[in-house]
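User: Please take me through how some labels on this model were reached. I want the value, the cut-off and the conclusion each time.

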Amino acid sequence: MTALKPELDEARMEEFAGRVCEILNDGAIGYMIFVGHRLRLFDVMSDLGGGGTSAAIAVQAGLSERYVLEWARALTVGGILDYDPLSEIFSLPPERAAMLCRGGAGENLAVFSQHVPMMAAMSDTMLEVFRTGDGIPYGQYPCFHEVMAEDSAMSVVSALFDTILPMTGDTQHRLEQGIDVMDAGCGRGLALMAMAERYPDSRFRGYDLCEEAVEFASAEADRRGLINIFFAVKDLTHLDLEGEFDLITSFDAVHDQKDPADYLKRIFRALRPGGTYLMQDIGGSAKVENNHDFPMAAFLYTISCTHCTPVSRAQGGEGLGTMWGWETAMDMLSDAGFGDIEKRLFDHDPMNVWFVVRR
Ligand SMILES: C[S@@+](CC[C@H](N)C(=O)[O-])C[C@H]1O[C@@H](n2cnc3c(N)ncnc32)[C@H](O)[C@@H]1O
């Protein structure tokens with residue numbers, strides 16, 4: 001018996017082919033945005049008053065003109081740069097510069113493009129773990145903590161004192177008086193250092209699994225002359241402290257733990273009664289069908305598949321993934337013992353959800 005072939009709608013096939021080509025084009029542009037960010041080409045164009053010839057951009061950036069020219073051409077047909085064939089000037093209009101330059105008026109979205117080569121660098125290992133189900137330890141990802149720190153500078157540090165801490169009630173007043181603070185999964189520790197600088201009478205401890213991140217944080221704290229902060233390598237799976245902190249923070253550091261539910265129970269125990277836990281994590285839903293309109297959902301599921309799931313599995317965890325969902329987070333907070341869970345969203349940080357809870 002021959003299987004019936006489904007009748008194909010040619011128009012829908014054409015439409016889908018167009019979509020796939022668009023995806024491939026956009027993926028390539030994503031990579032070129034990464035190149036522009038890392039080599040500061042967007043910043044250079046902005047410094048040049050918005051653009052220049054490939055030669056002028058290359059000289060200013062100290063780069064090879066031939067490569068800069070090809071980069072600029074890719075971004076021109078990709079709709080990122082404009083080009084005037086008469087003057088041979090490539091330009092970056094101010095509205096786009098605001099979203100791609102360091103210190104621009106908007107959020108520097110080019111920071112996220114760095115995940116593209118990071119994922120690509122893991123390609124062979126990724127294909128292997130799809131077969132084995134194993135994990136991949138943090139240390140195997142190139143530049144992970146560097147990229148995370150840039151992300152954190154934008155989504156956390158930039159809004160910490162004007163937007164984020166004010167939603168936690170009297171925390172800023174208590175920080176001024178002098179309290180004990182822990183950042184659990186601090187990475188390079190930029191947010192904790194910003195607080196330590198601002199509140200010299202409080203005491204800050206940052207813990208992270210990764211030596212590279214902690215070494216960076218300790219060196220930077222020394223460079224800034226901070227004496228009220230201390231960073232240490234610590235596997236929080238074994239955190240066993242009772243009532244030592246008035247404030248605990250986790251900035252995007254729960255979902256890729258080995259066991260997020262157990263981590264939250266340990267955080268609860270480490271807080272003093274009346275203490276505050278401030279938690280930022282990815283704000284998607286636990287249900288994929290709710291995430292079609294969530295900002296950069298496909299990008300986040302891809303980061304989940306290529307990073308957050310494998311790093312958790314490398315620790316022996318189940319790998320809840322980046323899009324574990326705010327519903328799961330709320331359930332786990334409640335199971336950990338926290339009552340009165342406040343959930344907040346911020347315009348400056350549409351990918352994340354924030355929780356403020358008290359012991
Ligand atoms: C997504 S990164 C966020 C880092 C930092 N909070 C930031 O915003 O830049 C998650 C962090 O959790 C840390 N982490 C994961 N599992 C850990 C564990 N078992 N113990 C301590 N830290 C852990 C990782 O090393 C990583 O730095």
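Predicted model: local features only at pLDDT ≥ 70, side-chain atom pairs only at ≥ 80, totals over all residues.

User: Why is Glu14 called exposed?

Analyst: The relative accessibility of Glu14 is 61%. Exposed means over 50%. Glu14 therefore counts as exposed. Its place is in helix α1, residues 10–38.

User: Which residues gather with Glu14 in a patch on the surface, and what is the charge of that patch?

Analyst: Asp9, Glu10 and Glu15 gather there with Glu14, and the patch is negative. Asp and Glu count as negative. Patch members need over 30% relative accessible area and no salt bridge. Glu14, at 61%, is over that area cut-off.

User: What makes Leu24 exposed?

Analyst: Its relative accessible area is 60%. The cut-off for exposed is over 50%, so Leu24 is exposed. Leu24 also has its place in helix α1.

User: Which residues form the nonpolar patch with Leu24, and how much accessible area do they have together?

Analyst: Phe16 and Val20 form the patch with Leu24. Together the three have about 310 Å² of accessible area. Phe, Val and Leu are among the side chains counted as nonpolar, joined within 5 Å.

User: Why is Ser64 called partly exposed?

Analyst: Ser64 has 38% relative accessibility. Buried is under 20% and exposed is over 50%, with partly exposed in between. The value of 38% falls in between, so Ser64 counts as partly exposed. Ser64 is found in the loop between α3 (54–61) and α4 (65–77).

User: How far is Ser64 from Phe355 in sequence and in space?

Analyst: They are 291 residues apart in sequence. In space, C-alpha to C-alpha, they are 47 Å apart.

User: What makes Met296 partly exposed, and what is its phi?

Analyst: Met296 has a relative accessible area of 34%. Met296 has its place in the loop between β8 (271–282) and α14 (297–314).

User: Where do the domains run, and how far apart are their centres?

Analyst: The domain assignment gives domain 1 as 12–100 and domain 2 as 120–358. Their C-alpha centres lie 33 Å apart.

Definitions and conventions: Residues numbered from 1 in each chain as written. Heavy atoms only, no water. Domains from an automatic or database assignment. Patch = residues over 30% accessible without salt bridge, like charges linked within 9 Å, V, L, I, M, F, W, Y side chains within 5 Å. Areas by Shrake-Rupley, 256 points an atom, 1.4 Å probe, with all protein chains shown as cover. Salt bridge = Lys/Arg side-chain N within 4 Å of Asp/Glu carboxyl O. Charge placed at Lys NZ, Arg CZ, Asp CG, Glu CD. Helix = DSSP H or I, 4+ residues; strand = E, 2+ residues; numbered from the N terminus. Buried < 20%, exposed > 50% of the residue type's maximum accessible area, 1.4 Å probe, protein only.
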